[in-house]
Amino acid sequence: MAIQRSSFYNWRHSCMHPSKRRKAFFQNIALFLCYHKKFPSHGYRWLNAKIQLDTRSVARYIQFFNEERPAYSLGYLTPQQYHEQYQSVQAQV
């Protein structure tokens, strides 16, 4: 079985210079293993939720969802824009 020289060098380069995504992947694995050592009796779903709560990624998403995301029910306005529009209508009445 012959491996092309260029394929070998591409593979070697990717090992020596990992991408940002690959680095983040290995950091996430290390973080997960650290939490697994702290809480060995819990499953991966609980550990994932705990990590997200501790790293505030859930809080950031909730803030985005409640404050920044344009909502269909609000006519594709953000809650802040809808609130301002509502106040201007109420001031006219």
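## Aromatic rings: a quick tour

Phe8, Tyr9 and Trp11 are joined into a cluster by ring pairs. Welcome to this structure, which is a predicted model. The count of aromatic pairs comes to eight, taking ring centres within 6.5 Å as the rule.

**Around Phe8 and Tyr9**

- Phenylalanine 8 has its place in helix α1, which covers residues 5-16.
- The ring centres of phenylalanine 8 and tyrosine 9 are 5.2 Å apart, and their planes meet at 70 degrees, so this pair is edge-to-face. The label follows because planes over 60 degrees apart count as edge-to-face.
- Phenylalanine 8 has a relative accessibility of 37%, so it counts as partly exposed.
- Tyrosine 9 is also described as partly exposed, with 42% relative accessibility.

**Around Tyr61 and Phe64**

- How are the rings of tyrosine 61 and phenylalanine 64 arranged: stacked, edge-to-face or tilted? Their centres are 6.4 Å apart and their planes are at 40 degrees, so the pair is tilted. An angle of 40 degrees falls to this group because stacked planes are under 30 degrees apart and edge-to-face planes over 60.
- Both residues belong to helix α4 (residues 57-68), and because they are three residues apart there, about one helical turn separates tyrosine 61 from phenylalanine 64.
- Phenylalanine 64 has a relative accessible area of 36%, so it is partly exposed.

**Charges over rings**

- Which ring does the charged end of lysine 38 sit over? That ring belongs to tyrosine 35, and the charged end is 5.1 Å from its centre.
- Arginine 69 lies over the face of phenylalanine 65, with 3.9 Å to the ring centre.

**Tyr44 in helix α3**

- Tyrosine 44 is found in helix α3, which spans residues 44-54.
- Is tyrosine 44 buried or exposed? Its relative accessible area is 56%, so tyrosine 44 is exposed; the cut-off behind that word is over 50%.
- Tyrosine 44 and phenylalanine 32 are 12 residues apart in sequence, and in space their C-alpha atoms are 8.7 Å apart.

Notes. Residues are numbered from 1 along each chain as its sequence is written. This is a predicted model: local features need pLDDT of at least 70, side-chain atom pairs count only at pLDDT 80 or more; totals for chains, interfaces and linings use all residues. Side-chain values use heavy atoms; hydrogens and water are left out. Rings of Phe, Tyr and Trp (its six-membered ring) pair if their centres lie within 6.5 Å; planes under 30 degrees apart count as stacked, over 60 as edge-to-face and the rest as tilted. Buried means under 20% relative accessible area, exposed over 50%, partly exposed in between (1.4 Å probe, protein chains only). Helices (H or I, at least four residues) and strands (E, at least two) are DSSP runs, numbered from the N terminus. A charge sits over a ring if NZ of Lys or CZ of Arg is within 6 Å of the ring centre and within 35 degrees of the ring normal.
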